[in-house]
Every structure is written in C-alpha cells, then in structure tokens.
Amino acid sequence: MRPRPAAQRDQRGAARRYAARPARRPYAGAVRQLQLYDAVGGMPYFEALVARFYQGVAEDPVLRPLYPEPELAGAQRRLTLFLVQYWGGPTTYSDERGHPALRMRHAPFAIGGVERDRWLVQMRAAIDASGAPDDAKARLHDYVSMAAEAMRNRPDETAFRTP
Ligand code: HEM
C-alpha cells in the first residue's frame, strides 16, 4: 500500500487518538474544566443554555440564513454536546462526530466580523440569562469571545484589488 502523505496521516491519527481517548481522561487544564461542568449543573445546564442561544439564532436575520437545514434541532444538539465535552462532561460529541475540527466545519459558512458579533450577541445573552455562578459566567464569556473570533474566516473589508 502506498504511504499516505504525512499531513493526512497525522490528521487521521490525531482524530483516531482523540476519539478513542477514555472519557474524562485527566490532562493538563482538565480540573478547571471539570469543575465548571459540575459547578454549573452538568448536561441540563448546557441543554438550556444552547436552547436559549438557538431561540436567538432562529430570530436573527444575520445568523438564521447561514444554517443550511430547515430545522435547527440538529445544530442545537451538536453545539450542546460540543460544549459539554469541552467543559469536561461526557465525550458523546466526539464519539459521534470525531475530532471537533470546528474551523474546518465552519469553512462552508462565510463568517466575517458581522456574523461573529451576532453570534456573540446571542451567546452572551444566553450565558447572562443562565443560572451559572458569576465566576463560571465570566469563564464562559472569555471562552466564547475567543472561540467566535477563531471561527472568523473572512476579512471584515471587501477585498479591493487594483487591476
Ligand atoms: C462566529 C460565528 C459562528 C457562526 C456564524 C456559526 C455558524 C454555524 C453553522 C451555520 C453551523 C452548521 C449548522 C449545523 O451543524 O447543522 C455551525 C455548526 C457548529 N458550530 Fe458554529 N458558528 C459560529 C461560531 C461557533 C463557535 C464559536 C462554536 C463553538 C464554541 C461553534 C460550534 C459549532 C458546532 C459544534 C457545530 C456543529 C459541528 C458539527 O457538524 O459537528 N460555532 N455553526
């Protein structure tokens, strides 16, 4: 069999290792994340948070047209499970979807500054309305600000080219 290019091999290997890792395997930084998942109340907290977020998305004229499916239920479930896993809960997201590779999964959607900001408006409102303790809310706010900026895949300005 012809060897696959190194980049591809590494990526597949990483995805397999990630998906195969035991749930809640300790790793650097996990303790704080486990504390947050438990401190906010686990799965029901994230289900309610993301349900509220998607109520906002459903009525958002910038965000709603970006979602390809007529129903938002699938996207809602995927984001819930992703956040649960990120903050130290069960790894159902990766069991079902493999490596999150979120930047790659967002590549089909044009996300510029406007889209990022609308996403953050809806997510910040959902966090603020949730019953999490203040320090957990602060950490969630920090995280989503960073993550939303990381998902931006278009420059803010329209490209201007001289012939
Ligand atoms: C910044 C603006 C963002 C926009 C406009 C956006 C939009 C979208 C769209 C259109 C989808 C496809 C819906 C679907 O899965 O059916 C999606 C999927 C998803 N997004 Fe975002 N997103 C943004 C940021 C983020 C951030 C910051 C996160 C994580 C913190 C995130 C997590 C996810 C996840 C987990 C999925 C499902 C991926 C999968 O297929 O497994 N998104 N997003």
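**View 1. Arg116 sits in helix α7.** Helices (DSSP runs of H or I, at least four residues) and strands (E, at least two) are numbered from the N terminus. This is a predicted model, in which local features need pLDDT of at least 70 and side-chain atom pairs count only at pLDDT 80 or more, while totals for chains, interfaces and linings use all residues. Residues are numbered from 1 along each chain as its sequence is written. Is Arg116 buried or exposed? Arg116 counts as buried because it has 20 C-beta neighbours inside 10 Å. A residue is buried if 20 or more other C-beta atoms, placed from the backbone, lie within 10 Å of its own, exposed if 12 or fewer, and partly exposed in between. Not counting residues up to four places away in sequence, Arg116 touches Ile111, Ala148, Glu149, Met151 and Arg152; two residues are in contact if their C-beta atoms, placed from the backbone, lie within 7 Å. Arg152 is 36 residues from Arg116 in sequence, yet their C-alpha atoms are 6.6 Å apart.

**View 2. Helix α4 covers residues 73-86.** From its first C-alpha to its last, this helix of 14 residues reaches 20 Å, close to the expected 20 Å (1.5 Å times one less than its number of residues). The buried residues of α4 are Thr80, Leu81, Leu83, Val84 and Gln85. They pack against α3 (43-58) and α5 (92-97). Just after α4, Gly88 has a positive phi of about 105 degrees.

**View 3. The shell around the ligand has 21 residues.** A residue is near a molecule or strand if its C-beta atom, placed from the backbone, lies within 6 Å of it. Ala75, Arg78, Phe82, Trp119 and Ala147 come nearest to the ligand. Two or more residues of the shell come from each of α4, α6 (102-106), α7 (113-129) and α8 (134-150). Which helix gives the most? That is α4, with five residues. By class, the shell holds 13 nonpolar, two polar and six charged residues. Here Ala, Val, Leu, Ile, Met, Phe, Trp, Tyr, Cys and Pro count as nonpolar, Asp, Glu, Lys and Arg as charged, and the others, Gly among them, as polar.

**View 4. The largest nonpolar core has 22 residues.** Such a core is a set of buried Ala, Val, Leu, Ile, Met, Phe, Trp, Tyr and Cys residues joined through C-beta atoms within 7 Å. Phe46, Leu49, Val50 and Phe53 touch the most other members. The elements that give two or more residues to this core are α2 (30-40), α3, α4, α7 and α8. With seven residues, α3 gives the most. Leaving aside residues up to four places away in sequence, Val50 touches Gln76, Leu79, Thr80 and Leu83.

**View 5. Ala101 lies in the loop between α5 and α6.** Its phi is near 40 degrees, a positive value in a residue other than glycine. Most residues other than glycine have a negative phi. Ala101 is partly exposed because 14 other C-beta atoms lie within 10 Å.

**View 6. The protein chain has eight helices and zero strands.** Buried residues make up 20% of its 163 residues. The mean pLDDT (the predictor's confidence in each residue, from 0 to 100) is 86, and 75% of the residues reach 70 or more. Over residues 24-28 the pLDDT is below 50, and this stretch has one contact beyond near neighbours in sequence. Where pLDDT is low, the predicted coordinates should not be read in detail.
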